Amino acid sequence: MSNRNFAIVAFAVAIAFAAASQLVPNEYFFTAAYVVLQFVILATAWNILGGYTGYVNFGSAAFFAIGAYSTVMLYNAFKAPLLVMIVAGTLVAGLLGLGLGYLTLRLRGVFFAIASLALAVVLYTFVVNWDYVGGARGAYVLQPREVPFGLPRYIHLLYIVLVLEAAVALVVARTIEKSTIGRGLAAIRDDELAAECSGVPTLRLKIFSATVSGALMGMAGTTFPFYLSYIEPSSAFGLSYAVNSIAMPLIGGMMSWIGPLIGAVLLGTVQQLVQVTISSAWNLLIVGVLLVLFVTLAPNGIMGWVEAWRKRRSRR
Amino acid sequence: MEASTALVVNAIIAGLLLGGFYAAVSLGISISFGMLDVVNIAHPAFIILGSYVAYIVNDRLGFDPILVSVVLSPLFFALGMALYRIYYLCFEKRGQESLRGLAFFFGILFITEVTLVLIFGVDYRLVTTAYSEVTWRAGDIDLPMRLFVPFLVSIAMVVALQLFLTHTFFGRAVLAVAQDQLALRLMGVNPVRVKERAFALSIATAGVAGAFLIVIQPVQPSIGREYIGLVFAVCVLGGMGSIWGTLIGALVLGIAESFTSTFFGPSWAPAVSFGLLLATLAFRPSGILGR
Amino acid sequence: MSAAILEVSGVVKRFGGFTALDGVDFAVTAGERVGLIGPNGSGKSTLVNCIAGTLRNEEGRIRFEGRDIHSYPAHRRIRLGLARSFQIPKPFASMSVLENLCVPLLYATKGGEGRRVADEAHGILRQVGLHEKAHAMSGGLTQVDMRKLELARAMAAKPKLLISDEAMAGLSTSEVDDILELLMGLKAQGVAVIMIEHVMRAVMKFSERIAVLVAGRKIADGDPQAVVGTPEVVKAYLGE
């Protein structure tokens, strides 16, 4: 399927989801779906640098939070329209990815991973100490009273925005995956030195990958302050983002755009159920255990099983 | 002594004492990452585990946490051996250590933290020792025992480890395995066995360092993550795999943090280690005593 | 007299206190077949890495087609036509044999609009004898096939100079002949080849000229028969 056709299908599906949601009677659906969609975007974004290029980013929370906090800043400064805040947050997060990449991607992958972790803590410390965005106490970002497009509640709008953002993320990921750049990234992942000696401009591609990945993760965070009308650092920089953006692509399958989608939908839904029925600490424990189990026993994830099953079938 | 000079001197002293502790905390990474090239992001998890073990024994039986941790270090050693076994079988043998090995250790770190939260909750825990409240004073200079005792034991650990690595057969095997595994094999030594035990040693040091931690400050499960940047910063600053380098790097970091805390406020302290790490990685990845 | 396409002058490479290359001068003319031999640890691979750009030499100059390439990263050097294979094969394990070739075809060569990269890749696979295995996963190949893939990847860059780094190590006699035939055939395409090998039979058959590297220094450079008979070279190989 060509890129253009996939984009058309993706957006058609998104619009269908958006429209169908208006038939859902249960309001809880929107709050839960919002979180799952957030993870779809985060997992897809993470996988561009992680699965496609082979560089592990432990600091997803930093990119997510910077998207969220740029919204807070624009809200406090101008009460900017939502679209402006989304675009701005995405760009800022992209710049962060560019900066981190430029500084650390010349080194081995493990240093990038550690630096990404460091980045999350440094940024967290900055935000906690900065009163303009609320510091440790947090900031209030009130949902507008008038809900656009005649929707019943603001959370419906947020849901629709996320469905569209998810479509964007999937289209971007797939386009990169199937392109020449995608092949270059795969070569870097498989053997960076051999890739460099095959003519792949490894540093340039890695920085590109980090920038796009960071931008999309920031995009996921831009509407978050509106979700609860309130934001504070420990939730914006929450542990759940860091572990889920790694676990979901790993469990779903890191080689293509489908894996993170599957991982996010499955794991995200499970977590919503566990959170509601048991507790959020148990929820995180389950994710951690699944991560370790999959990475040791089924490193190619669910899509890996599907591929292996397909290969066995074609051999018969 | 003038007030501001006293402030500076105390900041330096506190920094040195803290630095000694940081060296103990980072010794394990110096071994596992600096020498064995295993990116054990979960190292701080074992430090925190050590803290909680010391806490439990101290709470129930009143024994000194540092003594307890040294006595119980074989447990951590065994834990380290088991962990390396899994890591080796699943990742190193298959050449997957970069991406999946990292994810694995991150998972371990995560599981440890969340399990501790489930068992102990998020409240801070602390221990009481004979010297927790004691502070030696010389004029305006303060020497808190809760920092000084761990400092002394840390330095002892650093020296002991350096001697062990350079003067025992096994220690030299560890140094050798970092440089040339094939040569080691040709000499009849199984490098995997050596690495396994060296890694176990690194986890054992983490357990002991955990006791230092809970003597110095109250502990709760999420503190582990704050130490990831710190231990890797010390290791990189110190030039990867050099024990003396680790000590120097740790002292530098301790003093930098102490000054930041004194003059800018303690909430900025976490940013110091990570910021230093980022800066070192960006500008001088071979560290202070660079290879 | 053809011009030199590769000129290495006074190259020094140190690793901490150890000097791996101690002022090496070396040149290759267009289409030439040069053998580079020397005991283990003499610096052959280090020299290859400095020429290819995966290591930076501390002193000395490397010119390719008259251009000083010192500041060029490895990916730029291969685009100029300077290709190398790796001693231990480094296939892109998640890709098939064909897809492996597509990477250098896409990145190291300039194609026209709508060029059929897959067709070009098939052509090269035919040349090296891997055509049947085009869709096999590159991670599961036999040793000799992996070496062929290494060379095929280097050839895919349409190089003017190809450095073959111990492609024959550990292969059987007939496999060595396979690789030898492959490398000999490159001359017809105008490709200069530097062959680094320990299999002397192949080196003698292949080389128009032999250079000998010992302990980071070039101790001989010239006609194969003459070089192999020099006392210093014989001494260097005593015990091998």
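Author: A helix here is a DSSP run of H or I with at least four residues, and a strand is an E run of at least two. The model is predicted. By that count, chain B has 11 helices and 2 strands.

Reader: What makes the pattern of chain B along its sequence?

Author: The order of those runs makes the pattern. Chain B reads α-α-α-α-β-β-α-α-α-α-α-α-α.

Reader: Why is chain B called as compact as a globular protein of its length?

Author: Set the value against the rule. The globule rule is 2.2 Å times the number of residues to the power 0.38. For 291 residues the rule gives 19 Å. The radius of gyration of chain B is 19 Å, close to that value, so chain B is as compact as a globular protein of that length. Its C-alpha atoms fill a box of roughly 65 × 45 × 35 Å along the principal axes.

Reader: What makes a residue of chain B count as buried, and what percentage does?

Author: A buried residue has 20 or more other C-beta atoms within 10 Å of its own. In chain B, 53% of the 291 residues count as buried. Of the chain B contacts with a separation of 6 or more, 78% are between residues 24 or more positions apart.

Reader: How do you know whether chain C agrees with a compact globule?

Author: A compact globule of 240 residues would have one near 18 Å, and chain C has 18 Å, which agrees. The box for the C-alpha atoms of chain C is roughly 50 × 40 × 40 Å. Buried residues make up 45% of chain C. Among its contacts between residues at least 6 apart, 65% join residues at least 24 apart.

Reader: What makes β3 and β9 of chain C a pair?

Author: The cut-off is at least two bridges. β3(C) and β9(C) have 4 and run parallel. There C:L36 stands opposite C:A211.

Reader: What do β9 and β10 of chain C form, and how many residues lie between them?

Author: They form a hairpin with 2 residues between the strands. C:A215 in the turn has a positive phi of about 50°. The strands are joined by 5 bridges. C:L213 stands opposite C:K218.

Reader: What makes up the contact between chains A and C?

Author: Two residues are in contact if their C-beta atoms lie within 7 Å. The contact takes 18 residues from chain A and 21 from chain C. On the chain A side, α7 (180-190) and α8 (192-197) give two or more residues each. The largest share, 6 residues, comes from α7(A). That side divides into 9 nonpolar, 5 polar and 4 charged residues.

Definitions and conventions: Residues numbered from 1 in each chain as written. Chains lettered and ligands numbered in written order. Predicted model: local features only at pLDDT ≥ 70, side-chain atom pairs only at ≥ 80, totals over all residues. Nonpolar A, V, L, I, M, F, W, Y, C, P; charged D, E, K, R; others polar. Buried ≥ 20, exposed ≤ 12 C-beta atoms within 10 Å, placed from the backbone.
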